[in-house]
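Let's take a walk through this fold, from the overall outline down to a few single residues. Have the viewer open as you read.

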Amino acid sequence: MTGSGHKAPSGWRIAVLGGGAWGTALALAMLRAGHFVRLYARDPETVAAIDRGENPRYLPGIALQAGIVATSDIEAALDGADCVLAVAPAQSLRAMLATAKTHMPKGVPLVLCAKGIERDTGALLSAIAREILPENPVAALSGPSFATDVARGLPTAVVVAARDEDLAADLAARFSAQNLRCYSSDDLIGVEIGGALKNVFAIAAGAVTGAALGASAQAAMVTRGFVELRRIGAAFGARPETLMGLSGLGDLLLTCSSAQSRNFAYGLALGQGKPLAGLPLAEGVPTAAIAARIAAERKIDAPIITAVAAILDGTITIRQAVAALMTRPLKTETDV
Ligand SMILES: NC(=O)C1=CN([C@@H]2O[C@H](COP(=O)(O)OP(=O)(O)OC[C@H]3O[C@@H](n4cnc5c(N)ncnc54)[C@H](OP(=O)(O)O)[C@@H]3O)[C@@H](O)[C@H]2O)C=CC1
Ligand SMILES: O=C(CO)COP(=O)(O)O
């Protein structure tokens, strides 16, 4: 089923929870799509900055169009909302939804915009949302979309997924605007897995570049990484064609090829032996650890994810990881 393009009704009251780069960019995107936007940031300084028309900590150099109502009062942000976008990092989603729970309007869609798997539990973000807010239908928004690009209004395509395909199509139509094209999908798990795992390979891609392993190694790593992404996706019931789409292959292409990606930048610093402390959020770090554990527990062959997790926890070096990957038993390429 396809959405109704740009003809969907605008004028929803949308609450964006999270005042970081992506929350701010999505707030702008929702404003441009014709909605009334309230943005919850727990940090009053962020609220004050957004009121001044900027978010220098998370989106430096970008002037924010007037119209976003920022608040550090989550109750005020959620009051009367028709739809809620959750935009805290994956490892903070549980805490943020717990704070939101008492004030969450019943029955309104909750759109998960983070990319990751909960490190301690292995839970996908939709499972966390259902556990904490069982009365809100869950959707996910994902795909190749740097916050700065979306904030600047550059052309971007994403996918909005929900188990209920009519809900996904409705949200995609309502969120779409001139330079934000939202596809819809009923493969919620596929969209979540694609967005979460691409971050692990973006770290690996940065490390390959940082360690000067060459463009050929880069292409091999991304290609074989995508095989691992599909294997894990299959184990979760994701559809292969979803993983071939914006939230799998699309986001892999973007973040494995650009130092604009914070995950790539993290891997780059790792590969160059530079300090990692103080670098911006890299969601792939916790996700690598839990994805490696999931792969081991479910006996899924995921040598690159396992290597990234081991490099990140200091068990092996990049050189040792490369040597181990290159000397694995030979096999047919199509042995997915
Ligand atoms: N940036 C991007 O280009 C894109 C990011 N994403 C995804 O969006 C998610 C968020 O990323 P992004 O916005 O860039 O991250 P940032 O690091 O830019 O910002 C994170 C924000 O989350 C807030 N936060 C953290 N924990 C809580 C909490 N418990 N309650 C309320 N707010 C909280 C932080 O608040 P405080 O400042 O007070 O710490 C901060 O405002 C990630 O999963 C990322 O992968 C997806 C697509 C694009
Ligand atoms: O997910 C993103 C773009 O689609 C943002 O990637 P980073 O978090 O690596 O910057």
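Two residues are in contact here if their C-beta atoms, placed from the backbone, lie within 7 Å. Among contacts in the chain between residues at least 6 apart in sequence, 71% link residues at least 24 apart. Before going on, note that this is a predicted model, where local features need pLDDT of at least 70 and side-chain atom pairs count only at pLDDT 80 or more, while totals for chains, interfaces and linings use all residues. Residues are numbered from 1 along each chain as its sequence is written, with chains lettered from A and ligands numbered from 1 in the order in which they are written.

Now the outline. The chain has 15 helices and eight strands, taken as DSSP runs (H or I, at least four residues, for helices; E, at least two, for strands) and numbered from the N terminus. The C-alpha trace spans about 60 × 40 × 35 Å along its principal axes. Of the 336 residues, 54% count as buried, meaning that 20 or more other C-beta atoms lie within 10 Å of the residue's own; 12 or fewer makes a residue exposed, and in between it is partly exposed, with C-beta atoms placed from the backbone.

Eleven of the twelve residues are buried, among them W22, L26 and M30. Just after α1, G34 has a positive phi of about 95 degrees.

Next, find α8 (residues 188-210) and α11 (residues 246-255). They pack at about 25 degrees with their axes 8 Å apart, which makes α8 roughly parallel to α11 (angles under 35 degrees count as such). Axes here are lines fitted to C-alpha atoms, for helices over the stretch in contact, and angles run from 0 to 180 degrees between N-to-C directions. Residues that meet include G194, G195 and F201 in α8 and G248 and L252 in α11.

Finally, two loops. Most residues other than glycine have a negative phi. A212, in the loop between α8 and α9, has a positive one near 55 degrees, and K299, in the loop between α13 and α14, also has a positive phi near 55 degrees. Are they buried or exposed? A212 counts as exposed, with 9 C-beta neighbours inside 10 Å, and K299 is exposed with 7 other C-beta atoms within 10 Å.

Note on methods
Parallel < 35°, antiparallel > 145°, perpendicular 65-115°, else oblique.
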